[in-house]
Amino acid sequence: MSPRNSNVSEEELIRRLKQQEDSALSILYDNYSVAIYGVILRIVKLEAVAEDVMQESFVKIWTSFEQYDVEKGRLFTWMINIARNTAIDKIRSKQYRVGSRTKTIEDSNVSNMESSYDVKPEHLGLKEVVAKLNPDQKQIIDMMYFDGYTQSEVAEELSIPLGTVKTRSRAAIKMLIKLFR
Amino acid sequence: MDIEAYISSGILDLYSLGAASPAERSEVEQMAKKYPEIQAELDRINVALDQYAELHAVTPPAHLKAKVLSAVIKKNPPISGHQPNVESDAKVIPFGKVDRGAGSTAFKWLIAASVTLLLISNGLSFYFYNNWKKSEDRLQLAELSQSQYAQNIERVQQKLNQNQKALALLSDPATQRVVLNGVAKSPQSKATVYWHRETSGVYLSVDNLPVPPTNQQYQLWALLDGKPIDAGVLNSAELTLAVQPMKAIAQAQAFAITLEPRGGSISPTLDQMYVMGTI
């Protein structure tokens, strides 16, 4: 992902974030919030919850920025993993499970969101990619990446051996790499 | 190291998908450090997943930015807030100077007070530590005696069961009572065998036998057609206590007790016979 604010390079942004400049935080938000919010919303499904998780994620990104190591990977990967983990922790917490059940019955937040899903311009590529991934491959990626399943949980849920979980993940990711080349 | 095989095992993919176990995670991190090809594949995987994530992008509501930024600032005020500015520096200096002149006695008092407090606090810590230690000891003692009581009760219960069985045996008409009288070696000795012919159960009550040396034990024998059959050794500790159960004997014409090395013998030491009785 290329930063949208073209005035500031990623290196420059990282340097300023390491020094805890709050102006850098605003640029970080502008550059990445669309992608991060999308992933969070995909995981927690409800907009109100997504906003809380977004807040929590940015607090974590800001307070643990020292731990970010350019050598180990891209800034985007690091941030998206923080957001993913925060969101997955949220849906796995008891409170959330009880709360979301009652909410989904009353208001139709989820269906609203899903209808808005299709109109978003950012989503134009999703259907094409999904169409090229086979359903098994997409399912295994989504279960782990968005729903936080461990490999043994996937094996149990899909009633397939652990070895198959590994080979299927490899095949799915290879396909993704090919599609995005 | 077969790097191709490692990559195609799928472990890197699980790692990037967040589904690897903690052990696998640290393994992958070490491998990536060691082998540039593995790091390169990991990068490819992450880029692909980042792109996949981006496909799900949704523009957040406009009001969210202010909310997020203020939450971050509240949690962790920016560094500029920590740095003392010139004005507050100017205020700090005179405050220090005033203290240095007029406040030195007050300062001494403060030190004295804090030292006293420290001593009191140390004393209290010691006192409470000792109390705690004592309670701990007492608790251990109580636990010990409690477990001893429990053991005693169990022993008594066992004894009671035994005695009930023995009593049932003694009052059973099928039980035969065989009196074993002292032989020439020990004329005062006497014991009684209670033998149930139907169940083959054998119980022994010792009326009078000399206390055996600690390395020896009495052993009961059943005699059938002149051949001795081992009927078990007598528990020395319970020699005078009620009746003790012995090994089952199906057929016998006589019973005898000899003194044998501890644990019993395969055949009786005849010159060590103390009592004998025929049926």
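Figure 1. Chain B exposes about 17,600 Å², of which carbon and sulfur atoms supply 60% (Shrake-Rupley accessible area, 1.4 Å probe, with only the protein chains shown counting as cover for residues). Eight helices and eight strands are assigned to chain B (DSSP runs of H or I with at least four residues, and of E with at least two, numbered from the N terminus). This is a predicted model, in which local features need pLDDT of at least 70 and side-chain atom pairs count only at pLDDT 80 or more, whereas totals for chains, interfaces and linings use all residues. Residues are numbered from 1 along each chain as its sequence is written, chains are lettered from A and ligands numbered from 1 in the order in which they are written, and side-chain values use heavy atoms, with hydrogens and water left out.

**Figure 2. The contact between chain A and chain B.** The contact (heavy atoms within 4.5 Å) takes 55 residues from chain A and 46 residues from chain B. Together the chains bury about 4,700 Å², 66% of it on carbon and sulfur atoms (accessible area, 1.4 Å probe, that two parts lose on being put together, summed over both). On the side of chain A, A:Tyr29, A:Arg170 and A:Phe180 lose the most area to chain B, together 13% of what that side buries.

**Figure 3. Salt bridges between the chains.** Six salt bridges are counted between chain A and chain B (a side-chain nitrogen of Lys or Arg within 4 Å of a carboxyl oxygen of Asp or Glu). A salt bridge joins the side chains of A:Asp30 and B:Lys65, at 2.8 Å from N to O.
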